[in-house]
Amino acid sequence: MPFLGQDWRSPGWRWVKTEDGWKRCEPFSPALQDGRNQLNDISHAVILTGDDEDEEIYSTEDCGFAAKKRKKDHFGTDSQCFYHEKWIYVHKESTRERHGYCTLGEAFNRLDFSSAIQDIRRFNYVVKLLQLIAKSQLTSLSGAAQKNYFNILDKIVRKVMEDQYNPRLIKDLLQDLSSTLCILIRGVGKSVLVGNINIWMCRLETVLLWQQQLKNLQMNKHVNNGLTLSDLPLHMLNNILYRFSDGWDIITLGQVTPTLYMLSEDRQLWKKLCQYHFAEKQFCRHLILTEKGHIDWKLMYFALQKYYPIKEQYGDTLHFCRHCSILFWKDTGHPCTASDPNTCLMPVSPQHFIDLFQF
């Protein structure tokens, strides 16, 4: 006898019973067969070890059960259908036209973040959003949104391993995520977790594996007989450094050659960076002087960074239309009904994206 839901507009699905539980059958979806093939390749033994090699987090008998749960988690990640919409309505209450409200997990599922990470302009934006969710909003996501979250994170790690783009940013994300997962697992029962505890343990194991892979990442040395960065004149190298908005990027570039190191230690460069991110009142509260009595702007930057947020720069961000309450990527456009659409648009930072769904 088929199950009839309360929503009569639902297209309905066909469900089949397997060894791992009930699965939704989509006869025209190639993802179903791909999910089954991946199940055959997943290991049947999962063992997590901490810093002490002699200490096991859970026993081998539990590993088999966790691996079985892991199959279901991986299967759901690939077979779950997610919207890839260009824009979504952000409504916080029910109206005569729209019932319910839009949650953080729903917005995360419906907006096309999976394709956004392939765009270099949006990559840092998506990674920063994932990091903020990992710090404070992970448990507020629905089960489907959590699967989508780790699916996108898996694509990001694979992308970094392939093209070696900005691994430091991903390491920071995984560090925050692993800390959050450890706290949630240790405090099980104190907080509400969507899903079985074994699924969360498997997710922690996956994050630790990603961290190890990035730790062992070897940067490929590009062989180029043409013009290199070292061949540029000093004033051009200096202009490149002055365009950086992150102090760690300046330090990293300064490690390439002795010339770049000399330019990266310029006091004026770090002074401009501090003035860009922080106000003068903040300077007075955390003055750091050298032995000669001069302000050490480099140390000042990293000291101020601990107390105040720095300005964020992204090549492309989500935008919000205040007239239509629509959230969208800038270059995709949206059906705005205002007489002058440009007056009601505002860029949405990763933190503002989360704040939009705080009811």
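Reply: Start at Leu 318. Leaving aside residues up to four places away in sequence, Leu 318 touches Leu 111, Phe 113, Tyr 125, Leu 327, Phe 328, Trp 329, Met 346, Pro 347, Val 348 and Phe 353. Contact here means heavy atoms within 4.5 Å. The model is predicted, so local features need pLDDT of at least 70 and side-chain atom pairs pLDDT 80 or more, while totals for chains, interfaces and linings use all residues. Numbering runs from 1 along each chain as its sequence is written, and side-chain values use heavy atoms, without hydrogens or water.

Leu 318 belongs to strand β4. Helices (H or I, at least four residues) and strands (E, at least two) are DSSP runs, numbered from the N terminus. How accessible is Leu 318? Its relative accessible area is 0%, so Leu 318 counts as buried. The cut-offs are under 20% for buried, over 50% for exposed and in between for partly exposed (1.4 Å probe, protein chains only). Trp 329 is among the residues that Leu 318 touches. Leu 318 and Trp 329 are 11 residues apart in sequence, yet 4.6 Å apart in space, C-alpha to C-alpha.

Next, the rings. A cluster linked by ring pairs takes in Phe 108, Phe 113, Tyr 125, Tyr 149, Phe 150, Tyr 314, Trp 329, Phe 353 and Phe 357. Leu 318 touches several of these residues, including Phe 113, Tyr 125, Trp 329 and Phe 353. Rings of Phe, Tyr and Trp (its six-membered ring) pair with centres within 6.5 Å; planes under 30 degrees apart are stacked, over 60 edge-to-face, the rest tilted.

The structure has 16 aromatic pairs. One of them joins Phe 108 to Tyr 149 in a tilted arrangement, 6.0 Å centre to centre with 35° between the planes. Phe 108 sits in helix α3 (residues 104-110) and Tyr 149 in helix α6 (residues 143-163). The two are 41 residues apart, and the pair links distant parts of the chain. Both Phe 108 and Tyr 149 are buried.

Tyr 125 and Tyr 314 make an edge-to-face pair, with 5.4 Å between centres and 85° between planes. Why does this pair tie together parts that are 189 residues apart in sequence? Because Tyr 125 lies in helix α5 (residues 120-137), while Tyr 314 lies in the loop between α14 (297-307) and β4 (318-321). Tyr 125 is buried, at a relative accessible area of 0%. Tyr 314 is partly exposed, at 22%.

Buried in α14 are Trp 297, Met 300, Tyr 301, Phe 302, Ala 303 and Leu 304. Their cover includes α10 (247-254), α12 (267-277) and α13 (280-285).

Now follow α6. It packs against helix α8 (residues 197-215) at about 15°, with the axes 11 Å apart. Axes are lines fitted to C-alpha atoms, for helices over the stretch in contact; angles run from 0 to 180 degrees between N-to-C directions. α6 and α8 are therefore roughly parallel. (Under 35 degrees is roughly parallel, over 145 roughly antiparallel, 65 to 115 roughly perpendicular, the rest oblique.) On the α6 side, the contact uses Gln 146, Lys 147, Phe 150, Leu 153, Asp 154, Val 157, Val 160 and Met 161. On the α8 side, it uses Trp 200, Arg 203, Val 207, Trp 210, Gln 213 and Leu 214. Phe 150 is also a member of the ring cluster.

The loop between α6 and α7 (167-186) holds Gln 164. Phi of Gln 164 is near 60°, positive although the residue is not glycine. Gln 164 is buried, with a relative accessible area of 13%. Asn 166 is in the loop between α6 and α7 too. Its phi is near 50°, again positive in a residue other than glycine. Asn 166 is partly exposed, at 22%.

From α7 come Ile 170, Lys 171, Leu 174, Gln 175, Leu 177, Ser 178, Leu 181, Cys 182, Leu 184 and Ile 185. They meet α8 residues including Ile 197, Trp 200, Met 201, Leu 204 and Val 207.

Finally, the whole chain. It has 15 helices and six strands. Of its 359 residues, 40% are buried. Among contacts between residues at least 6 apart in sequence, 63% join residues at least 24 apart.
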